[in-house]
Amino acid sequence: MGYIQPTYQSNSGIKQRQILARYWSKIFLGSILIAILALMVMLINVINDSYGYAAIEYEYDPSIYTPKPIEDLNKVELMKLLSENLSTYRWRTIQQDVSIDQLEVDEIRELVVEELLKPTVVASYSLIPSLFNRTEIHQEINFYHPEARIDFYSWLDFQFLIKSMSVVPENSGVRTAILGSLWIILVAGIFAIPVGIGAAIYLEEYAPSGKFKKIIQSNIDNLAGVPSIIYGILGLAIFVRVLKPLTSGTIFGLELSTGRTIISAGMTIGLLLLPVIIINTQEALRTVPMSLRQASYGVGATRWQTLWYHVLPAALPGILTGAILAISRGIGETSPLILVGASSFINKDPTNIFSNFTTLPLQIYYWTQRPQDQFRNTAAAAILVLLIMLLSLNAVAIILRNHYSRQSRP
Amino acid sequence: MSQPQNNHKAAISTRSLAIYYGDFRAVKDVDLNIVPRRITAIIGPSGCGKSTVLRAFNRMNDFIPTCHSEGEILYHGHNIYDSDVDPVSVRQHIGMVFQKPNPFPKSIYENIAWGAKINGYKDSLDELVEDSLTQAALWDEVKDNLTQSGLSLSGGQQQRLCIARALAVKPDIILMDEPCSALDPIATLKIEELMRSLSKKYTIIIVTHNMQQAARVSDFTAFFTMDEDRAGRMVEYGETSQIFTRPRKKQTEDYITGRYG
C-alpha cells in the first residue's frame with residue numbers, strides 16, 4: 001500500500017497508526033467471537049441432554065395380560081384389556097379425562113402400554129454419543145438390559161409440555177411449572193408495569209428537580225442493582241409472614257394456611273422488576289425530543305395533553321420494550337422464589353393467586369438435584385422450554401418496537 | 001431608548017424586562033413596544049438573548065427550570081407573568097413557530113386540527129384545516145394528501161405546516177424563532193412571502209440571524225447586543241429602513257455593516 005508522504009514531515013506514523021487500528025479491530029472481533037462461542041456451548045450442551053438414545057424396559061411383560069402380541073389386538077380387545085386390568089378408580093379417571101370411544105386404535109394401544117406395561121427408561125444417552133457411538137451404545141444396552149427396547153428418545157416433546165411433575169423422570173412434564181411461571185409473571189406485571197410507568201412519568205415529567213428528586217433517583221438506580229436474593233428475603237418477611245392473612249387468602253375464607261402462594265411470589269418479582277421498569281420508562285421518555293413537546297405547548301396544550309397525546313405515544317415503543325424485557329427477566333428469576341417458598345414437588349395446577357406454585361427455573365433447579373440420571377434430561381428439556389419462552393418474549397418486544405417506531409416515521 | 005414613532009397601540013410590550021438563567025442575567029432592561037399587524041425583527045449577535053426574549057412572550061421559558069424573569073410583559077394591559085395568568089391561555093393567543101420544523105408525527109389534517117380541538121374549537125374542523133393551510137400557502141400542495149404524515153413533507157412544507165398549525169389556534173401574535181435557518185433559499189423565500197401576507201392580519205415577531213432577511217421582511221427592527229457582563233440588552237429599535245440606512249447608535253452601525261467582531 002502506498003502512502004502519500006506529507007511534505008512537512010518525512011514520517012507521520014500513518015502506517016503505525018493503521019496497524020494499531022487493525023489490532024484493535026481484531027480484539028473487538030475476538031470479544032464478539034468469545035460471546036458467540038459461550039452461547040453456542042451452552043445451547044449445544046442443553047440440546048445434547050434433551051435428545052438421545054434411551055433403553056426402555058416394560059415393568060410388566062405383555063404376556064401376563066394377553067397371549068397375542070399387543071400390536072395385533074383390535075380396538076375392542078384393547079378396551080377389554082384396560083377395563084379388566086386397571087383398578088376401577090383408575091379406569092374411571094381415564095374415562096373422565098378422555099372420551100375413550102372416540103380414540104383411534106393406536107391411541108388406545110398407547111394407553112394400554114402406558115397403563116399396563118409401564119415402560120421405564122433404564123438407561124439414557126446424550127445426543128452426541130447417540131449420533132457417533134451407536135454400536136457401542138447398542139452393545140452396552142444389550143449387555144446390561146437384554147430385555148430393553150432401544151428408542152431414540154426426545155425428552156422435549158408435546159407430552160413433556162402437558163404432563164405435570166412425577167417421581168418418574170419419563171412421566172415428568174413442565175405443565176405445572178409453565179402455569180406457575182405464567183401466573184407469577186401475570187401478577188408481577190399487573191403490579192409492576194402500571195406502577196413503574198406511573199412512577200417514571202412522575203419523576204421525568206412532573207417532579208421538580210432538586211434534592212428530593214436526586215435522592216429518589218439514585219435510590220431507584222441502586223435498587224435496580226440489588227441482588228435478587230435480597231428481594232426474596234423482603235418477600236418472605238413482608239408478603240409471606242406479615243401479610244399472611246392476605247397472601248394466603250384466609251381473609252377471603254380460603255382454608256390454605258400458608259403465605260407461600262402465587263400472590264406472594266408475584267409481588268416479590270413485581271418489586272424486583274419495578275426499578276428496572278422505572279429506569280427503562282424514564283429512558284424512553286427522555287428520548288422524546290424537546291421540539292415535540294414545544295410544538296404541543298406552542299398550540300396551547302396543557303402539560304397533561306402534551307404528555308398524553310404526544311410524549312407517551314412517542315415513548316411507547318421504548319416503554320413497551322422495557323416492560324417486556326423486564327418481564328422476561330422476571331420469568332428467569334429463581335433465587336427469590338426459593339425464599340418465598342416455591343414447592344419443590346407439586347403436580348397440582350395453580351388455579352388462582354392463592355395456589356401453591358413452582359416455576360420453570362425452579363423446576364430445572366430441583367431436577368438437577370435429583371439422584372436419577374434421567375432428571376438431567378428432563379432438566380435440559382425444561383431449559384429449552386424456558387429459552388424458547390424468553391426468546392419469543394424478546395421477539396415480541398422487537399416486533400412491537402419496530403411496529404410503533406415505524407408509525408412515527410414518514 | 002428609542003421607540004418607533006407611531007400612533008398604534010402596542011400589540012405586546014415589555015417593561016424593564018430582565019431574564020435570568022439561575023444567577024446569570026441573560027437579558028436586561030428591555031423596553032419594547034411591538035406594533036400590531038406588522039413584522040418586527042429582532043437581530044443581534046449570538047448569545048445576545050434574542051431567542052430568550054422571544055420565548056418570554058409566550059412563556060416558553062417556563063419549561064427551563066432555572067429560568068425566571070423580572071419586569072413586565074403587557075398584553076392587552078395585562079402582565080402575562082402575573083400569578084393569576086395561566087400560561088396555557090397565553091400560548092393560545094400568542095402562537096409560535098420554531099427554528100427546526102417540528103410537525104407532530106401525525107397526518108397533515110391532525111397537525112392542524114389537534115390544536116383547535118384541544119382548545120375547544122366547535123365549528124367545522126374541515127373548514128378550519130382548509131382555511132389555515134390556505135393562509136399558510138400550503139393548501140394547493142397538500143389538499144389531496146391530508147391523511148399523509150406531516151413528516152413526509154419537505155422541510156419548507158413542514159415549516160409552512162407548522163405556521164398553519166399556529167394559525168389554526170387563531171392567535172393574535174405569532175412568534176418565529178429563526179424559522180428559515182434550517183431551510184434552503186427557495187423555501188426561505190416562500191416563508192418570507194408568506195410572512196408578508198400574514199402581516200395583514202397578524203402581529204409577527206421574528207428572531208433572525210440573517211440581516212438580509214430582517215431587512216427584506218420586517219417593518220420594524222430591534223437590535224440587541226450584549227454587554228461586558230454577557231447580559232443582552234436592546235441597543236436600538238425603530239423602523240427597519242431607518243435601522244439599516246441611518247442607525248442612530250454606533251454599535252448598530254458596526255453590526256449591520258459587518259464590523260462587529
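In what order do the 3 strands of the open sheet in chain A lie, and is their pairing parallel or antiparallel? In this predicted model, the strands follow the order β2-β1-β3 of chain A, and the pairing is antiparallel. The edges of the sheet are formed by β2 (119–124) and β3 (149–154) of chain A, each of which pairs on one side only. Direction ignored, neighbouring strands of this sheet are turned by 45° against each other on average.

Strand β1 (residues 51–58) of chain A is joined to β2(A) by 5 bridges, and the two run antiparallel. Within this pairing, Tyr58(A) has Pro119(A) of β2(A) as its bridge partner. Helix α1 (residues 14–50) of chain A lies across β1 and β3 of chain A, and its course makes an angle of about 20° with β1(A).

Elsewhere in chain A, helix α3 (residues 88–97) has Trp91(A), Thr93(A) and Ile94(A) as buried residues. Because the buried residues of α3(A) fall within an arc of 160° when seen down the helix axis, they line one face of the helix. Thr88(A), Tyr89(A) and Gln96(A), by contrast, are exposed on the other side of α3(A). The cover over the buried residues of α3(A) includes α2 (75–85) and α4 (105–117) of chain A.

In chain B, Ser218(B) is found in the loop between α8 (211–217) and β9 (220–226). Not counting residues up to four places away in sequence, Ser218(B) touches Ile39(B), Thr40(B), Ala41(B), Arg196(B), Gln213(B) and Thr240(B).

| From | To | Distance |
|---|---|---|
| Ser218(B), polar atom of the side chain | Phe220(B), backbone oxygen | 3.4 Å |

The two chains also meet each other. Their contact takes 22 residues from chain B and 19 residues from chain A, and together the chains bury about 1800 Å² between them, with 70% of that area on carbon and sulfur atoms. On the side of chain B, Phe63(B), Trp114(B) and Ile118(B) supply 29% of the area that this chain buries against chain A, which is more than any other three residues supply.

Key: Residues are numbered from 1 along each chain as its sequence is written. Chains are lettered from A and ligands numbered from 1 in the order in which they are written. This is a predicted model: local features need pLDDT of at least 70, side-chain atom pairs count only at pLDDT 80 or more; totals for chains, interfaces and linings use all residues. Side-chain values use heavy atoms; hydrogens and water are left out. Buried means under 20% relative accessible area, exposed over 50%, partly exposed in between (1.4 Å probe, protein chains only). Helices (H or I, at least four residues) and strands (E, at least two) are DSSP runs, numbered from the N terminus. The arc is that of the directions from the helix axis to the C-beta atoms. Contact means heavy atoms within 4.5 Å. Two strands pair if DSSP finds at least two bridges between them. Axes are lines fitted to C-alpha atoms, for helices over the stretch in contact, and angles run from 0 to 180 degrees between N-to-C directions. A polar contact is a pair of N or O atoms within 3.5 Å; within protein, one must be able to donate a hydrogen and the other to accept it, and residues adjacent in sequence count only if both atoms are side-chain atoms. Buried area is the accessible area (1.4 Å probe) that two parts lose on being put together, summed over both.
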